[in-house]
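Here's a quick briefing for anyone meeting this structure for the first time. Have a look at the model, then read on.

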Amino acid sequence: MANENNMDDIVDLAIRLTLLGFLLYVCFTILRPFLELLVWGAVLATAVYPIYAKLVPRFGNKEGLTATFMVLVTLALLIVPVYEMSISFIDSMQTVNEKFEAGELSVPPPNDSVMEWPVIGERVHALWAAASDNLEAVINQYQDELAHISQQAVGVMAGFGGAVASFILSTIIAGAFLAFASECQTYLVKVLDRLIRGRGEHFATLSTQTTRSVAQGVIGVALIQAILSAIGLVVMDVPAAGVWVLLVLVLAIVQLPPIIILGPIIVWVFSVSETVPAVLFMIYGIVVSGSDAFLKPLFLGRGMDIPMPVILLGAIGGVVAMGILGLFIGAIVLAIGYTLFSDWLENPDGRGDAKTVDSEDGA
């Protein structure tokens, strides 16, 4: 009888686990198209929550109204520049096309200093000179290459449009998270308490601090570098400055040096400007590109017990493994892993951790 009862219990347990697994799978399948948006929304809400908390009293402690205001302001700050840049780009392309069809499009002849560029100087000068003499002939000669570049540009613009649309949806989701911030925090702590032996509040705080640290130390520094780059490009009257600034911002976010964009522009400035302003712009570009070396230690890991290199490695590794969202996920996972490993080293038998839990429960 005992064996039969044990067998019945095992069968019941297997059925329950199977049903539970199936339920989890169905839930994951339903939410999978929205997972990235939900994660981005949670990241944005966590990053801007301190601002939200200061605004709530100014809106009569109406959390929903405050969250709506922040969403609208954020969308305005995003949509207006993107719209202006898109209109400017379309107008520029239309103007170029009209001039080309009318035979009025011309390319100024290259400066002789172009020939002094290392490796590519002579070829660039020859192609540039040919384009200034007969642009239509050069376009016909490189028609296939230009068509391929155009297709890639269209793909990049489509990807940029998709990214903007995703950010808009994530911002709206972030507003919903902000409006129910207390409930979300309580739920997260309960889940982590079940997973990590009653230390849910500690790891919820750790995740929050890490997200804000990465937002300040990575995205904040990237914005500073983009703004500084914009100032230099506008002063030097570089064409399509908005496009280059956007590329600098993207590269800085994914932890690549802005000099990748600023370097060729510096070379171009040397070919069209006087030596002194070109040298000053070169020095300025190098300083802007290397500014993250002293800006990141000021912002990254600030107010946290986690060493800054751990956060930085997590952010960089996360980008390599998972794309832009890995900036936050990688940093959070590595910070939690570092904390668990440190606790294990300090309390190899686990008794210290149990006492900590007991004392916290007692408090």
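Asp237 is an exposed residue, with a relative accessible area of 62%. Keep in mind that this is a predicted model.

**Loop residues with positive phi**

- As background, most residues other than glycine have a negative phi.
- You'll find Asp237 in the loop that links helix H8 (200-235) and H9.
- Asn61 isn't a glycine either, yet it has a positive phi of about 60°.
- Look for Asn61 in the loop between helix H2 (35-55) and helix H3 (63-101).
- Is Asn61 buried or exposed? Asn61 counts as exposed, at 56% relative accessibility, because the cut-off for exposed is over 50%.

**H9 against H10**

- A handy way to describe two packed helices is by the angle between their axes and the distance between those axes.
- For helix H9 (residues 241-253) and helix H10 (residues 259-272), the packing angle is about 145° and the axes are 9 Å apart.
- On the H9 side, the contact uses Trp244, Leu247, Val248 and Leu251, while H10 brings in Ile260, Ile261, Leu262 and Ile265.
- Sorted by class, this H9 and H10 contact has eight nonpolar residues, no polar ones and no charged ones.

**H13 against H14**

- Helix H13 (residues 308-322) and helix H14 (residues 326-346) have axes that come within 6 Å and cross at roughly 130°.
- That angle is why H13 counts as oblique to H14.
- As for handedness, H13 and H14 make a right-handed crossing.
- Which residues meet here? From H13 come Val310, Ile311, Leu313, Gly314, Ala315, Gly318, Val319 and Met322; from H14 come Gly326, Leu327, Ile329, Gly330, Ala331, Leu334, Ala335 and Tyr338.
- By class, the H13 and H14 contact has twelve nonpolar, four polar and no charged residues.

**Cysteines**

- A disulfide is a covalent bond between the sulfur atoms of two cysteines.
- How many disulfides turn up in a search of the whole structure? The search finds zero.
- Cys27 is partly exposed, with a relative accessible area of 36%.
- Cys184 is partly exposed too, and its relative accessible area is 32%.

Technical notes: Residues numbered from 1 in each chain as written. Predicted model: local features only at pLDDT ≥ 70, side-chain atom pairs only at ≥ 80, totals over all residues. Heavy atoms only, no water. Axes fitted to C-alpha atoms, helices over the stretch in contact; angles between N-to-C directions. Helix = DSSP H or I, 4+ residues; strand = E, 2+ residues; numbered from the N terminus. Parallel < 35°, antiparallel > 145°, perpendicular 65-115°, else oblique. Left-handed = near helix turned anticlockwise from the far one by under 90°. Contact = heavy atoms within 4.5 Å. Nonpolar A, V, L, I, M, F, W, Y, C, P; charged D, E, K, R; others polar. Disulfide = S-S within 2.5 Å. Buried < 20%, exposed > 50% of the residue type's maximum accessible area, 1.4 Å probe, protein only.
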